[in-house]
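Please consult the sequence and the structure shown here while reading.

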Amino acid sequence: MNLTLKIWRQSDANSKGKLVDYNISGVEGDMSFLEMLDVLNEDLINKGEEPVVFDHDCREGICGACSLQINGEPHGPDRLITTCQLHMRKFNDGDTIYIEPFRAKAFPVVKDLMVDRSSFERIQQAGGYISVNTSGNTQDANAIPIRKEDADEAMDAATCIGCGACVAACKNASAMLFTSAKVSQFALLPQGQVEATERVLAMVNQMDEEGFGNCTNTGACEIECPKGISLENIARMNREYLKASMKG
Ligand code: FES
């Protein structure tokens with residue numbers, strides 16, 4: 001396959017970026033999107049040019065590092081996968097592909113296609129945990145009975161890998177899907193009840209402080225989420241927030 005790549009190049013958060021054209025040939029359908037970028041970078045290095053900076057780690061859909069906006073969609077044209085799981089067979093010979101970083105005020109560009117998503121970590125640190133006394137004997141695994149439906153929904157929420165596709169897909173750059181998944185995974189379980197009030201207030205407060213936009217229920221986040229995190233979580237977080245505000 002021969003492709004034309006239009007790649008966003010930007011030196012740092014304060015510089016102006018621009019799309020730069022690259023032609024690449026010999027792309028196999030079985031290559032992943034990131035392997036295709038590896039080939040491009042090898043070529044650039046051999047020519048003495050600066051390689052394109054992009055984020056990645058596990059390359060198997062687990063870590064959420066590979067954040068790319070491909071032809072205007074977070075993680076590209078496929079559904080329920082991350083960029084590292086996207087295969088080049090989804091494209092055709094002669095295609096032009098636009099490759100940009102995830103765009104949001106709260107995700108400043110580090111360089112080229114790499115953005116700083118530590119705002120997500122600060123939201124998580126604000127309350128995405130439970131405080132458990134670990135001294136003494138280990139508690140029996142089934143000591144606290146949990147309804148199967150609740151366990152399933154908590155598990156579904158916990159599959160969020162914090163990639164930021166929800167923010168990149170949203171016209172408001174809202175982080176409600178991410179934050180609500182992190183709130184929900186605890187709100188659904190008995191272990192999460194002790195700190196429920198402080199958790200939701202602190203996490204929503206941090207989300208606002210980071211400069212994410214408001215949710216207007218467009219639902220683009222759910223469609224683009226590689227893990228299929230449901231909008232139900234946003235509704236649950238709003239209920240949790242209302243409950244907590246009334247207590248406060
Ligand atoms: S590199 Fe880890 S999810 Fe893509």
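Predicted model: local features only at pLDDT ≥ 70, side-chain atom pairs only at ≥ 80, totals over all residues.

Q: Is Gln69 buried or exposed?
A: Gln69 is placed in strand 3, which covers residues 69–70. Its relative accessibility is 11%. Residues under 20% count as buried, therefore Gln69 is buried.

Q: The backbone oxygen of which residue lies 3.1 Å from a polar atom of the side chain of Gln69?
A: Apart from its neighbours within four places in sequence, Gln69 is in contact with residues including Pro74, Tyr98 and Ala168. The backbone oxygen at 3.1 Å from a polar atom of the Gln69 side chain belongs to Gly72.

Q: Where is Leu189 found, and what is its relative accessible area?
A: Leu189 is in the loop between helix 5 (176–187) and helix 6 (196–209). Its contacts, leaving aside neighbours within four places in sequence, are Ile146, Asp150, Ala151 and Ala154. Leu189 is partly exposed, with a relative accessible area of 21%.

Q: Which helices do the buried residues of helix 2 pack against?
A: Helix 2 spans residues 118–127, and its buried residues are Ser118, Ser119, Phe120, Ile123 and Gly127. These buried residues pack against helix 4 (165–169), helix 5 and helix 6.

Q: Why are helix 3 and helix 5 described as roughly antiparallel?
A: The axes of helix 3 (residues 148–158) and helix 5 come within 8 Å. They cross at roughly 150 degrees. Because angles over 145 degrees count as roughly antiparallel, helix 3 and helix 5 are roughly antiparallel to each other.

Q: How many residues in the contact of helix 3 with helix 5 are charged?
A: The crossing of these two helices is left-handed. The contact is made by Ala154, Ala157 and Ala158 of helix 3 and by Ala181, Ser184 and Gln185 of helix 5. By class, the residues of this contact comprise four nonpolar, two polar and no charged.

Q: Are helix 5 and helix 8 roughly parallel or roughly perpendicular to each other?
A: The axes of helix 5 and helix 8 (residues 232–247) come within 8 Å and cross at roughly 70 degrees. Since angles of 65 to 115 degrees count as roughly perpendicular, helix 5 and helix 8 are roughly perpendicular to each other.

Q: How many charged residues does the contact of helix 5 with helix 8 have?
A: Residues of helix 5, among them Met176, Leu177 and Val183, meet residues of helix 8, including Arg236, Met237 and Glu240. The contact of helix 5 with helix 8 has seven nonpolar and five polar residues, and the charged residues number two.

How values were computed
Residues numbered from 1 in each chain as written. Heavy atoms only, no water. Helix = DSSP H or I, 4+ residues; strand = E, 2+ residues; numbered from the N terminus. Buried < 20%, exposed > 50% of the residue type's maximum accessible area, 1.4 Å probe, protein only. Contact = heavy atoms within 4.5 Å. Polar contact = N/O pair within 3.5 Å; in protein donor to acceptor, adjacent residues only side chain to side chain. Axes fitted to C-alpha atoms, helices over the stretch in contact; angles between N-to-C directions. Parallel < 35°, antiparallel > 145°, perpendicular 65-115°, else oblique. Left-handed = near helix turned anticlockwise from the far one by under 90°. Nonpolar A, V, L, I, M, F, W, Y, C, P; charged D, E, K, R; others polar.
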